[in-house]
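User: Hi! I am new to protein structures and would like to learn how to read one step by step. Could you guide me?

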Amino acid sequence: MRLILFGPPGAGKGTQARQLVERFHLKQISTGDLFRAALRDETPVGLEAKGYMDRGELVPDSVVNKMVEEALGAIGNDHYILDGFPRTTEQARWLLGYLDEHDAPLDAVISLKVDPELIVQRLSRRRTDKETGAIYHLDFNPPPADLPADRLVHRSDDQPDAIRTRLGVYEADTRPLAAIFEQEARFAEIDGVGEIDEVQGRIMDALRTLGARGIEATS
Ligand code: ADP
Ligand code: ADP
């Protein structure tokens, strides 16, 4: 199965991707996670990305595309879920060309719709377990009481200024991709508001309706 989860920052892409990964045995390719790992390891890509990430701006397309090409190649271009990529028209065009070249079409692009006010609430209280990558929310999806507090990370770009910048960048550069996907892929937009499991149910329904490969095996 080859999937893309699309939507604004804080829509719940990472949260939903983690459930889909378990269910369908997929590899999650999150460009944000790859950049944060590169930054931790102080690689040239990580150091180049840092300033853009701190400000909430996009890392240049050439850097992102190259990283995704390596990640896709490493897993034979199948059984993955892309989260946070593509985010610009150039990234989308590059990806569609790459998949075409490798005769590896997408099974589905699922777009999660969430209003900006709710996004700010979600991002400002998001916390991540730095050891497992699990995503929590202090009110909506609280971490287990016995999780040591020093494992919970508040991302430096989940601050009001960077959140505002990211939402602006989403509107200007990323939202327009929905039209490309609508035309070039099996595309569905679903409501991203509601309990996490409810949203997962809507994604499953959309995958069934779109006839994504591998969906038959699940109930
Ligand atoms: P994205 O990957 O799209 O940026 P995340 O999956 O990291 O989004 O979710 C952003 C925040 O919203 C996290 O704190 C997460 O726990 C919370 N969240 C995700 N899905 C829901 C939901 N359906 N209802 C309430 N909060 C949610
Ligand atoms: P969120 O899902 O909360 O928006 P991500 O973890 O996906 O955050 O991304 C964090 C940051 O990493 C972005 O603000 C941006 O600087 C960089 N980044 C991630 N994915 C891309 C991409 N596809 N293109 C450009 N920059 C990206």
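Analyst: Happy to! Let us begin with a term: helices, of at least four residues, and strands, of at least two, are DSSP runs, numbered from the N terminus. One caution: this is a predicted model.

User: Which other residue has a positive phi without being a glycine?

Analyst: Asp-103 has one, with phi near 50°. Asp-103 sits in the loop between H5 and strand S4 (108-113). With 67% relative accessibility, Asp-103 is over the 50% limit and therefore counts as exposed.

User: Let me turn to peptide bonds. Where is a cis peptide bond found?

Analyst: Look at the bond from Phe-85 to Pro-86: it is cis, and its omega is near -5°. Pro-86 belongs to the loop between S3 and H5.

User: How should I read the inside of a protein?

Analyst: Start with the general idea: in soluble globular proteins, nonpolar side chains tend to be buried together. In this model, the largest nonpolar core holds 30 residues, and Ile-4, Phe-6, Phe-35, Leu-82, Leu-106 and Val-109 have the most contacts inside it. Two or more residues come from each of strand S1 (2-6), helix H3 (44-55), helix H4 (61-74), strand S3 (80-83), helix H5 (89-101) and helix H8 (177-184).

User: Which element gives the most to this core?

Analyst: That is H4, which contributes six residues. Apart from this core lies another one, of 27 residues, including Ala-17, Ala-108, Ile-190 and Ile-203.

User: What does Leu-106 touch, leaving out residues up to four places away in sequence?

Analyst: Its contacts are Arg-2, Ile-4, Tyr-80, Leu-96, Leu-99, Ala-185 and Arg-186.

User: Now the ligands. How many residues surround ligand 1, and which are closest?

Analyst: Ligand 1 is surrounded by 18 residues, with Gly-10, Thr-15, Arg-126, Tyr-136 and Gly-194 the closest. Among the atom pairs, an oxygen atom of ligand 1 lies 2.8 Å from a polar side-chain atom of Lys-13. A backbone N or O atom of Gly-14 is also 2.8 Å from an oxygen atom of this ligand. For Arg-126, a side-chain N or O atom is 2.6 Å from an oxygen atom of ligand 1. The protein buries 93% of the 560 Å² that ligand 1 exposes when taken alone.

User: Which elements give two or more residues to the shell around ligand 1?

Analyst: They are helix H1 (13-24), strand S6 (135-137) and helix H9 (196-210). Sorted by class, this shell has eight nonpolar, six polar and four charged residues.

User: Which residues come nearest to ligand 2?

Analyst: Of the 19 residues around ligand 2, the nearest are Thr-31, Glu-57, Arg-87, Arg-126 and Arg-166. A nitrogen atom of ligand 2 is 3.0 Å from a backbone N or O atom of Val-59. The side chain of Gln-91 has an N or O atom 2.9 Å from a nitrogen atom of the ligand. At Arg-166, a side-chain N or O atom lies 2.6 Å from an oxygen atom of ligand 2. On its own, ligand 2 has 550 Å² of accessible area, and the protein covers 97% of it.

User: What makes up the shell around ligand 2?

Analyst: This shell divides into seven nonpolar, four polar and eight charged residues. Helix H2 (residues 31-40) gives the most to the shell, with four residues.

User: One last example, please. Is Thr-128 buried or exposed?

Analyst: Thr-128, in strand S5 (residues 126-129), is buried because its relative accessible area is 19%, and the cut-off for buried is under 20%. Leaving aside neighbours within four places in sequence, Thr-128 is in contact with Gly-133, Ala-134, Arg-151, Leu-152 and Val-153.

Definitions and conventions
Residues are numbered from 1 along each chain as its sequence is written. Chains are lettered from A and ligands numbered from 1 in the order in which they are written. This is a predicted model: local features need pLDDT of at least 70, side-chain atom pairs count only at pLDDT 80 or more; totals for chains, interfaces and linings use all residues. Side-chain values use heavy atoms; hydrogens and water are left out. A nonpolar core is a set of buried Ala, Val, Leu, Ile, Met, Phe, Trp, Tyr and Cys residues joined through side-chain atoms within 4.5 Å. Buried means under 20% relative accessible area, exposed over 50%, partly exposed in between (1.4 Å probe, protein chains only). Contact means heavy atoms within 4.5 Å. A residue is near a molecule or strand if one of its heavy atoms lies within 4 Å of it. A polar contact is a pair of N or O atoms within 3.5 Å; within protein, one must be able to donate a hydrogen and the other to accept it, and residues adjacent in sequence count only if both atoms are side-chain atoms. Accessible areas come from the Shrake-Rupley method with a 1.4 Å probe; for residues, only the protein chains shown count as cover. Ala, Val, Leu, Ile, Met, Phe, Trp, Tyr, Cys and Pro count as nonpolar, Asp, Glu, Lys and Arg as charged, and the others, Gly among them, as polar.
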